Amino acid sequence: MAKKMQAAYVKVPFQFEVREVPIPEVREGWVLVKVEACGVCGTDLHYANVLAEDWQPFGHEVAGVVVEVGPGVYTVKEGDKVALESASFCGHCANCRNGRVDLCNKAPNFWSNESLGFAEYILAPKECLVPFDGLSFEVASLAEPLGVALDVVYTADIALGNEVLVLGLGAIALMAIPLVRMEGASRIYGANRSGGRRMDVARRFGADEVFSTTETPLDQYPFRKGLDRAVVAAAPATLPEVMPLMNFGGIIAYIGIEYGPRATISFDANDFHFNKLQLRASHASPALYFPTCLQLLKDGHVDGEAVVSHVRPLAQIAETMEMIRDCREDVLKVVITP
Ligand SMILES: [Zn+2]
Ligand SMILES: [Zn+2]
């Protein structure tokens, strides 16, 4: 009889269950990983609120230990600590061979598994495993969202001396702040609707000025020289507010998900044209840059400990999700440990 483990499932509206299910069996090209840490992502809230019409497993920001490797896996071995890419590239499609691995989503992935990262074990394809050492599992699980932050910062194409707005100070935007600095920004403005812990971390992470858009709306804030770049990790409705703040030739990098009527926005296309603006989407799938991200965490360029605000056991997944939903200003990244 197969051995059992605990695994969490989600269903709309905001329902959660921890069930006893079989530990997945390894197969060719796949690896069984004991989950040591799995971060809660904004997407997990979307599953609970909108997406999970039927019960489904969740959790995709995983760090753990390899416990069993299937045939044909040579890149990791039992006992290795690994962070898991939430999607990988295949290495042999036309996009990959043309040097654009960032446009490939053809590699095997764990999304159709019976259980995912909020569980004691996860089955993962060999393509997505990135070995690491010298980091706690909680901090290593930040490699995935830090990769998202790095993707949006690369998308913003920051040049030396740029004046940059980082809007919507969740975990991703907060981790983007030190990256924006390293890319050469001369001034970084961190803005968020609510205040609290996020503002403090934004300052600690190097934002030169931090403000609440509830207290000072964006169009009233005294930006020193306008904005050359904006990294927007906030609701779509903020984009038409950011556009008029941009300097000629400015670039807005956007990451955000919204469902329903609030997903649709409108803006003045003439201003967009005559100001020579660029609006660019960042969607970090496949998940890239793990080696860089793990090194940034290891070297302390991004202070992972400051980003992880809460660590909670798997058994408390329901209460934890409610806590994230209800008290946003004190919650940064929450990590579940089975
Ligand atoms: Zn995520
Ligand atoms: Zn490919």
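Predicted model: local features only at pLDDT ≥ 70, side-chain atom pairs only at ≥ 80, totals over all residues.
Residues are numbered from 1 along each chain as its sequence is written, chains are lettered from A and ligands numbered from 1 in the order in which they are written, and side-chain values use heavy atoms, with hydrogens and water left out.

**View 1. The two domains of the chain.** Domain 1 covers 4-142 + 302-337, and domain 2 covers 149-281; these bounds come from an automatic or database domain assignment. To their contact (heavy atoms within 4.5 Å), domain 1 gives 15 residues and domain 2 gives 15 residues. Taken over C-alpha atoms, the domain centres are 28 Å apart. About 1,300 Å² is buried between the domains, 69% of it on carbon and sulfur atoms. Buried area is the accessible area (1.4 Å probe) that two parts lose on being put together, summed over both.

**View 2. The salt bridge between the domains, and the side of domain 1 that touches domain 2.** Between domain 1 and domain 2 the count is 1 salt bridge, a term for a side-chain nitrogen of Lys or Arg within 4 Å of a carboxyl oxygen of Asp or Glu. R204 and D303 form a salt bridge, with their closest N and O atoms 3.1 Å apart. On the side of domain 1 that touches domain 2, two or more residues each come from helix 1 (42-51), helix 10 (304-307) and strand 15 (308-313). Helices (H or I, at least four residues) and strands (E, at least two) are DSSP runs, numbered from the N terminus. Helix 1 gives the most to this side, with 3 residues.

**View 3. The zinc ion (ligand 1).** C41 (SG), H60 (NE2) and E61 (OE) coordinate the zinc ion at 2.2 to 2.5 Å. Donors are N, O and S atoms within 2.8 Å of the metal (3.2 Å for Na, K and Ca); water is not among the atoms, so sites may look incomplete. The donor residues follow the spacing C-x18-H-E in sequence. C41 is in the loop between strand 3 (30-39) and helix 1, and E61 is in strand 5 (residues 61-69), 20 residues apart.

**View 4. The salt bridge of E61 and K333.** The side chains of these two residues meet at 2.8 Å, N to O. E61 lies in strand 5 and K333 in strand 16 (residues 333-337), so the pair ties together parts that are 272 residues apart in sequence. The structure holds 14 salt bridges.

**View 5. Backbone features in two loops.** V12 and P13 are joined by a cis peptide bond, with omega about -5 degrees. P13 is in the loop between strand 1 (4-11) and strand 2 (15-22). F14 lies in the loop between strand 1 and strand 2, and has a positive phi of about 55 degrees although it is not a glycine. Another cis peptide bond joins S285 and P286, with omega about 5 degrees. P286 is in the loop between strand 14 (278-281) and helix 9 (290-298).
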